[in-house]
Amino acid sequence: MTSRGRLAIAIIVIGGLACAGLPLILAGEPYLMRLVTMFSLLLVLAASWNIVGGFTGYPSFATGAFFGLGAYVAAILQAKGVDWRLALVAAGLAGGVLAGPVGYGVLRLRGHYFAVASLMLGTILKELTTGWSDLTGGGMGLTIAGAGGDPEVLASFALRVSLALAVLTVLLGAAIKWSRLGFGLDCIRMNETAAAGIGVDAQKLKTYAFILSSIPSAVAGAVYAGWIGYIDPTDVYDVMWSVKPIVAVLLGGLGTILGPVIGAAIFVALEEIVWRNVLSFSAGGLGVLIVLLLLVLPAGVLPSLVSGKTRS
Amino acid sequence: MQLAQVILNGLLLGGLYAAMAAGFSLVWGVLNIINIAQGSAVVLGSYVAYFAWRYAGLNPLLAVALAGPLLFGAGWVLQRFLIQRVIAAPVLITLVFTFGMDLILNNSMISLFTADYRKIEGVFPTVPLSLGSLTLPVDRLLAAAAGIGAAFALHVYLHKSRLGRAIVAVRMDRQTAELMGVRVEIIYATTFGLGLAMAGVAGCLLAAIFPTSPLNSAYYLHIAFVACVLGGLGSVLGAVAGGLLLGVVESLGALFVGAEYGTTVAAVVLLLMLFTRPQGLLGRAGYE
């Protein structure tokens, strides 16, 4: 492991410990608690997208599909009286089980074809969820009972679960990056044909990456559903759940372990400071951010800092 | 007989899809860019037609002459001075970039025009033509004919005019075209301008039939993409075939599966196509 790798591990461990203490420090600060929960959920999505989009180099727009699926699986199970812990596990499983066959098929496509096929997964799930109204409540959405109804207990609970999930997802990213799988994904990103030539089973590794990326996204959806208490198809299958994580990773640094952390923090901060003041133009504001980011800082904050220059 | 009517409706719808897909396909084929903002550009064209009708009483089919040049200019400038700077970047970057442009354009339209649906009324006769037991609404017939006509005009322009042949040359082999003295950056700007002009034309035709709102843009993008892949990348006539096919598939899907699953039906057809014949109906392999 490189010295930079050890530094990253140290930062993750210290950050993880700090996260364990955060809920205690933030108790009684509902605004900050909400902000940190938002950050954690975005970080989960960003770090898990990074496995497919960053490590493997496949431009996936399917994050929102798994997020929405997880939200619905958990909400339906909880409505039927299943314990929340079990519901989170089931959401993750559902994400992984769907990602297997979908990934195996869709990952045969490359470039633009893969991007749009992955984008369509969310649209399809949204239509099916809206159509299957007996189970999902259709366009009317579903209400989740929550943790006994006390909003403060629920907020603190959501904060702790989402922080823990975020730390686990970043660790998962590190574990993949420094494993045989990560090396294989590196090869695929650089030159898939050559990777296949030296014996990398690209189809298998890509599918593994896709499954591993979908599980935390689905669990994040489940946590979100429990936290907000009400979900409907247009909210949880919103394409923004796919795009925001990509922007966060591009802000921080594509394919790096700490890039998603830095990117998600900057993104949430920008969202609060800037867009709160121009509420009616929040989506447009994100567009301006994207265009400026890609023109000025195409490599993201982290690699630019490391290499000491802003243009790669 | 009901089936024949459904297929006819699908073809009329498909004529509009053809116009939407033609520009999208051209930009994708020549610049290797998926323009996520294409759907919003279509909506912008619809607004041009709507306001021209509202304030000057202009027929939306004639508003094409207004929206086409307007969007061509906007597209030319956007490509020449903005997109050109990321054109060589990986797929992810160009995708996210045009996504950002789409967010700006779409949110601007919602801010300026609100998300309310607006409809052009009283321009076309409401009594449909009849063809045996089949009925043909006049507005749909004219709009579909105009859509296919615009796509054919683009095809002829690409193959007969000097600039059009340069565009085709760049699509086939950028480096060789450059060596022959073609200024690739200008060709890119012209191509992107043509792509948006086609979106504007499609927008005018849609405004003649359907209510206009920025909320439609994602659906239009989706249509353009599916039609383009069905027909085959890199061929305007392929986009026309793909648009017509998609219109029929959607109408049949609405009949047999239910209109609320329109996107799912189209997506299933698209995925089957991608796995079995990725070059599309009329596309040529290796044209990516």
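1. At what angle do the axes of helix α2 and helix α12 of chain A cross? The model is predicted; local features need pLDDT of at least 70, side-chain atom pairs count only at pLDDT 80 or more, and totals for chains, interfaces and linings use all residues. Residues are numbered from 1 along each chain as its sequence is written, while chains are lettered from A and ligands numbered from 1 in the order in which they are written.

2. The answer is roughly 75°, for α2 (residues 30-56) and α12 (residues 240-252) of chain A, with the axes coming within 8 Å. Axes are lines fitted to C-alpha atoms, for helices over the stretch in contact, and angles run from 0 to 180 degrees between N-to-C directions. α2(A) is therefore roughly perpendicular to α12(A) (under 35 degrees is roughly parallel, over 145 roughly antiparallel, 65 to 115 roughly perpendicular, the rest oblique). Helices are DSSP runs (H or I, at least four residues), numbered from the N terminus.

3. Who meets whom here? From α2(A) come A:L42, A:L45, A:A46, A:W49, A:N50, A:G53 and A:G54; from α12(A), A:W241, A:K244, A:P245, A:I246, A:A248 and A:V249. Contact means C-beta atoms, placed from the backbone, within 7 Å. The classes are nine nonpolar, three polar and one charged. Ala, Val, Leu, Ile, Met, Phe, Trp, Tyr, Cys and Pro count as nonpolar, Asp, Glu, Lys and Arg as charged, and the others, Gly among them, as polar.

4. Helix α5 of chain A (residues 111-131) has 21 residues. Its first and last C-alpha atoms are 31 Å apart, close to the 30 Å expected at 1.5 Å a residue (1.5 Å times one less than the number of residues). Of its 21 residues, 18 are buried (20 or more other C-beta atoms within 10 Å of its own).

5. In chain B, α5 (residues 138-160) and α6 (residues 162-172) have axes that come within 5 Å and cross at roughly 85°. They are therefore roughly perpendicular. B:Y157, B:L158, B:H159 and B:K160 meet B:G164, B:R165, B:I167 and B:V168.

6. Between the chains, chain B brings 26 residues to the contact and chain A brings 32. On the chain B side, α4 (91-113) and α11 (262-276) each supply at least two residues. α4(B) gives the most, with 14 residues. This side of chain B has 18 nonpolar, six polar and two charged residues.

7. On confidence, chain A has a mean pLDDT of 86, with 93% of its residues at 70 or more (pLDDT is the predictor's confidence in each residue, from 0 to 100). Residues 308-312 of chain A fall below 50. Beyond near neighbours in sequence, this stretch has five contacts in the model.

Notes:
Two residues are in contact if their C-beta atoms, placed from the backbone, lie within 7 Å. A residue is buried if 20 or more other C-beta atoms lie within 10 Å of its own, exposed if 12 or fewer, and partly exposed in between; C-beta atoms are placed from the backbone.
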